[in-house]
Protein chains: 2
Amino acid sequence: MRDIKVPKPTIKRIAMYNRFLTQLKEEGVEKTSSKEIAEALNIKASQVRKDLSYFGEFGKRGVGYNVEKLLSKIHIILGTERVWNVAIIGVGNLGKAISHYPELEKNKFKIVSAFDVDKRKVNSILLPGVVIKHINDLKEDIKKTNFEIAILTVSPSAAQPVTDLLVEAGIKGILNFTPVTLNVNEDVVVENVDFVISLKTLTYEIISKAGRSFEDQSNSEEDRVF
Amino acid sequence: MRDIKVPKPTIKRIAMYNRFLTQLKEEGVEKTSSKEIAEALNIKASQVRKDLSYFGEFGKRGVGYNVEKLLSKIHIILGTERVWNVAIIGVGNLGKAISHYPELEKNKFKIVSAFDVDKRKVNSILLPGVVIKHINDLKEDIKKTNFEIAILTVSPSAAQPVTDLLVEAGIKGILNFTPVTLNVNEDVVVENVDFVISLKTLTYEIISKAGRSFEDQSNSEEDRVF
């Protein structure tokens with residue numbers, strides 16, 4: 001088995017190139033360069049070229065990229081050239097907010113189903129054409145609506161049991177907003193979105209930056225704690 | 001200037017060790033090991049040891065870690081041993097959902113201010129003690145409430161202008177939920193949370209996995225597109 005492992009940060013950046021190229025396309029721009037892409041994202045042009053090089057040759061040296069061609073190649077890389085059906089699992093504040101987030105539909109992620117266990121929510125309308133169903137109806141619903149991705153916004157204690165239901169029903173990927181590390185079989189992909197982890201990365205960077213400034217001023221290496 | 005650059009994935013994992021260790025501490029567990037931490041997070045024990053090694057020596061070989069000691073060292077690394085004051089900028093569905101997210105307060109991120117431009121929202125109560133203010137009052141408010149982190153949940157078109165206000169007011173870090181690449185000066189740290197980027201990473205992984213399974217079955221290298 002060959003396994004070309006592309007680093008995850010590369011994939012995330014390629015998704016950001018996708019966003020920038022879509023913007024250029026909407027503005028009617030036909031050509032771009034790794035320098036222009038890099039500047040828009042505050043990274044280095046060499047990084048853009050390196051990321052793309054995992055997937056073959058794009059553009060010509062000194063000529064740059066054709067926006068539309070590069071965009072459609074990136075869509076093929078990411079699998080976003082088609083619509084993905086998505087289910088919201090857990091219609092609390094966060095589930096509701098996400099289901100109304102305009103960027104989802106714009107990027108061809110279509111919410112086709114929503115589930116909860118709260119009797120007051122079940123049978124009410126979340127979005128045009130999307131009635132909230134009870135989680136017990138998940139297995140039956142997935143056969144009809146063919147959702148492949150679940151956005152998991154349940155409470156921490158429900159996260160693993162609901163994940164087990166999703167895996168059993170044949171889900172392909174889970175976007176996990178809960179602070180729980182999910183156990184799934186190897187056929188299922190999990191991507192975690194955890195605000196608190198992001199906030200802690202932020203505080204780490206804030207105090208590192210403060211530490212470095214302090215060090216620069218004092219010009220001493222011994223002030224560093226780590 | 002010395003600059004020990006710790007990779008961002010390491011910081012994110014250390015924040016996850018923090019979460020797991022907090023759980024152990026709550027359960028009254030006194031000792032743990034890199035093996036146990038690794039298993040809880042579906043990673044390798046060697047990864048745990050490598051991540052922690054950036055910050056010195058923890059625990060003893062064969063003896064493991066004292067949960068409370070490791071936890072307090074990790075808090076110092078991440079800067080989470082103290083409370084951080086936070087402001088919500090943009091009180092739409094997402095801003096509201098985040099402000100009611102119980103994990104924030106639990107992790108010592110305290111929402112002290114909230115801002116919007118919508119007259120119907122300004123002067124209404126978001127949380128006990130937190131009245132939504134107009135964005136024009138930001139500079140005055142930050143002096144009183146001393147928030148250091150802004151959670152940015154405004155519309156894409158408002159993202160950069162509001163960021164300029166925040167930077168001018170002396171913000172230290174921004175958790176950016178908008179799909180916009182923010183321009184800030186080098187004193188300000190930005191951490192991006194973009195659901196759509198995460199969803200596209202997920203679809204990439206789903207189709208890669210499908211591709212690999214296909215390859216495994218066909219036993220041919222030529223079926224691979226990339």
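Buried residues have under 20% relative accessible area, exposed residues over 50%, and partly exposed residues lie in between (1.4 Å probe, protein chains only). B:R82, at 32%, is accordingly partly exposed. The model is predicted: local features need pLDDT of at least 70 and side-chain atom pairs pLDDT 80 or more, whereas totals for chains, interfaces and linings use all residues. Side-chain values use heavy atoms, without hydrogens and water.

**Salt bridges within chain B**
- B:E148 lies in the loop between α7 (138-145) and β7 (149-152), and B:R82 in the loop between α4 (67-78) and β3 (84-89), 66 residues apart.
- B:E148 is buried, at 14% relative accessibility.
- B:K8 and B:E191 form a salt bridge at 2.9 Å, N to O.
- Because B:K8 is in helix α1 and B:E191 in strand β9 (residues 189-192), this pair ties together parts 183 residues apart in sequence.
- B:E191 is buried, with a relative accessible area of 3%, while B:K8 is partly exposed at 37%.

**Contacts between chains**
- B:K8 also forms a salt bridge with A:E205, the closest N and O atoms being 3.6 Å apart.
- B:K8 belongs to helix α1 (residues 8-26) of chain B and A:E205 to helix α9 (residues 195-218) of chain A, so the pair joins two chains.

Methods: Residues numbered from 1 in each chain as written. Chains lettered and ligands numbered in written order. Salt bridge = Lys/Arg side-chain N within 4 Å of Asp/Glu carboxyl O. Helix = DSSP H or I, 4+ residues; strand = E, 2+ residues; numbered from the N terminus.
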